[in-house]
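You asked for a quick read-through of this one before you dig in yourself. Here are my notes, in the order I would look at things on screen.

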Amino acid sequence: MIPSRTERLAGWGRHPVQEARVYRPEKVAELQQVVESRPEGGVISRGLGRAYGDAALNAGGAVVSHLRLNRILGFDAETGEVECEGGVVLGDLADVFLPRGWFLPVVPGTRHVTVGGAIAADVHGKNHHRDGTFGRFVDEIRLMTPARGLLVCSREAEGDVFRATLGGMGLTGAIVRARLRLMRVESSAVVVDYQPTRDLDDALARFAESDSRHRYSVAWIDALAKGRSLGRGVLMQGDHAPAGVTAPRPTRRIRPRVPFDLPGATLNRLTVGAFNRLYRATHRARTGVAEPLETFFWPLDAVRDWNRVYGRRGFVQYQLVVPPDRADVLAAVLQRAAASGRASFLAVLKRFGPAGEGILSFPMAGWTLSLDFPVASGLAEMLREMDRVVADAAGRVYLAKDAMLDAETFARMYPAADAFREIRRSLDPDGVLTSSLARRVSLA
Ligand SMILES: Cc1cc2nc3c(=O)[nH]c(=O)nc-3n(C[C@H](O)[C@H](O)[C@H](O)COP(=O)(O)OP(=O)(O)OC[C@H]3O[C@@H](n4cnc5c(N)ncnc54)[C@H](O)[C@@H]3O)c2cc1C
């Protein structure tokens, strides 16, 4: 059996911080040993730890890192199909395949996410309204399960296990390998239109009017604006550029860095307000701006360790989705956030397309909004209030971001959880796979 080391771990939000025994297998057989050894306190898979809360934590138990199981195993240059291990990083796939004319069909807001993490959270990108989630482009998954060993699942074989694994937060098994379809692109640039939005109604109307014309569409919202300006921001819509269009290369190698934890007070209304005004000023109405793909998809990656800006206590990202006719909830949440004076660095608004296949996947048709909140007293109570409003509107919050949802509200938000538990029982009847998130919301 490979050795383990007790470490203090956190997600990207740096809250909570918990101890676990970490295993770092280099071979699939070693991963299998870890799972079959039924570690005390259970075990959960971990990729790059970019889930914000406790999805890849397992307080007092074991965590198995997939970062050394990261080989690209095959590529079909005709179809764009890639076979790779779960620890392969999306940004590395982009680096390898973009020069060959292929890109990932769905990317989250950072390149530092593993294939296993992208499947387990069934991540979405700025093109959800058109293309759905990451899982839609996955054709086969090899899953290490406690009760059934290594299982190959796809839409055709073990379809229930496949659908439970998309968005299953690592609780159906360890994703050892996957087959994915890449998308052809003609250049490494994206052509972007920027439209400032006056207020929330204006933003929603612009989404409705212009979403269908663009593959990518997302709005940045000034979360401090109140009253008549509530919801003002910038709508950014883009498409892959045709052949021959180039954009200045990003300077990734000399990224600025947040060198230490900024004191919480640094991020007060003034600094965030100044940031927001600056952002709006640099995103005046413009059309047809050619941008490097990295700048468009992963702007935050330009600042290393930006999660330290919220101070030592960390932060929570709150991402909700509500049905199309419940935009009133967005206004209520933005109002509550602005009134609380809790600075939110980033607020992002997007219109989702229809839900996909994943039993516990987060996206569903409607509006999604995400806000960052530094951890401070009273935060849990405020988020609980927001949770109730979201659940009452038949909406839900994103487990890959969440750190505070309770089991009762989770059950209201994810009515398919019982079906998920049923499938899990056949794969892991003794509950070997578990995480801090899973226990908090009673999924395991
Ligand atoms: C700056 C930033 C922007 C983001 N933007 C988006 C976005 O636009 N859209 C979006 O959907 N998400 C977004 N996210 C969230 C992120 O994409 C997900 O949390 C993703 O799951 C993180 O992948 P990871 O490799 O870091 O996995 P981890 O954070 O380590 O784990 C996340 C979950 O995946 C499971 N998991 C990881 N690897 C495996 C494996 N091999 N087998 C089984 N289970 C596994 C873990 O158990 C855990 O439940 C963003 C995160 C950050 C930090």
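This is a predicted model: local features need pLDDT of at least 70, side-chain atom pairs count only at pLDDT 80 or more; totals for chains, interfaces and linings use all residues.

1. Start with the ligand. It has 33 residues around it, and the closest are Ser45, Gly47, Arg50, Thr114 and Ile175. Sorted by class, this shell holds 18 nonpolar, 12 polar and 3 charged residues. If you want to find the shell by secondary structure, look at strand S3 (43–46), helix H3 (115–120) and strand S10 (174–181), each of which supplies at least two of its residues.

2. Which atoms of the protein come up to the oxygen atoms of the ligand? Serine 45 brings a backbone N or O atom to 2.7 Å from a ligand oxygen. Threonine 114 uses its side chain, where an N or O atom is 2.7 Å from an oxygen of the ligand. With alanine 55, a polar backbone atom is 3.3 Å from a ligand oxygen.

3. Next, the nonpolar cores. The largest has 116 residues, and Phe103, Phe134, Leu330 and Leu349 have the most contacts inside it. Leucine 349 is a handy one to click on: beyond its neighbours within four places in sequence, it is in contact with residues including Leu200, Phe207, Ile221, Leu330 and Trp367. There is also a second, separate core of 14 residues, with Ala62, Leu69, Met144 and Val176 among them.

4. Serine 217 is worth a stop. You'll find it in strand S13 (residues 216–221). Is this serine 217 buried or exposed? Its relative accessible area is 0%, so serine 217 is buried. Its side chain has a polar contact of 3.1 Å with the side chain of glutamine 237. Leaving out residues up to four places away in sequence, serine 217 also touches Lys126, His129, Asp211 and Lys350, among others.

5. Glutamine 317 is another buried polar side chain to look at. It lies in strand S16 (residues 315–322) and counts as buried because its relative accessibility is 6%, with the cut-off being under 20%. Which side chains does the side chain of glutamine 317 make polar contacts with? One is tyrosine 52, at 3.4 Å, and another is aspartate 372, at 2.7 Å. Its contacts beyond four places in sequence also include Ser370, Leu371, Lys401 and Asp402. Alanine 400 is 83 residues from glutamine 317 in sequence, with 9.4 Å between the two C-alpha atoms.

6. Now some backbone geometry. Most residues other than glycine have a negative phi, and most peptide bonds are trans. Against that background, have a look at the bond between histidine 15 and proline 16, which is cis, with omega about -5°. Proline 16 sits in the loop between strand S1 (4–9) and strand S2 (18–23).

7. Two residues deserve a check on phi. Arginine 38 is not a glycine, yet its phi is positive, about 50°; it is placed in the loop between helix H1 (28–36) and S3. Aspartate 122, also a residue other than glycine, has a positive phi near 40°, and its place is in the loop between H3 and helix H4 (128–131).

8. Last, a pair of partly exposed residues. Aspartate 76, in strand S5 (residues 72–76), is partly exposed at 32% relative accessibility, and its side chain reaches the backbone nitrogen of threonine 79 at 3.3 Å. Its C-alpha atom is 48 Å from that of alanine 380, which is 304 residues away along the chain. Alanine 157 is in the loop between strand S9 (149–154) and helix H5 (159–165) and is partly exposed at 35%. Between alanine 157 and threonine 6 there are 38 Å, C-alpha to C-alpha, and the two are 151 residues apart in sequence.

Methods:
Residues are numbered from 1 along each chain as its sequence is written. Side-chain values use heavy atoms; hydrogens and water are left out. A nonpolar core is a set of buried Ala, Val, Leu, Ile, Met, Phe, Trp, Tyr and Cys residues joined through side-chain atoms within 4.5 Å. Buried means under 20% relative accessible area, exposed over 50%, partly exposed in between (1.4 Å probe, protein chains only). Contact means heavy atoms within 4.5 Å. A residue is near a molecule or strand if one of its heavy atoms lies within 4 Å of it. A polar contact is a pair of N or O atoms within 3.5 Å; within protein, one must be able to donate a hydrogen and the other to accept it, and residues adjacent in sequence count only if both atoms are side-chain atoms. Helices (H or I, at least four residues) and strands (E, at least two) are DSSP runs, numbered from the N terminus. Ala, Val, Leu, Ile, Met, Phe, Trp, Tyr, Cys and Pro count as nonpolar, Asp, Glu, Lys and Arg as charged, and the others, Gly among them, as polar.
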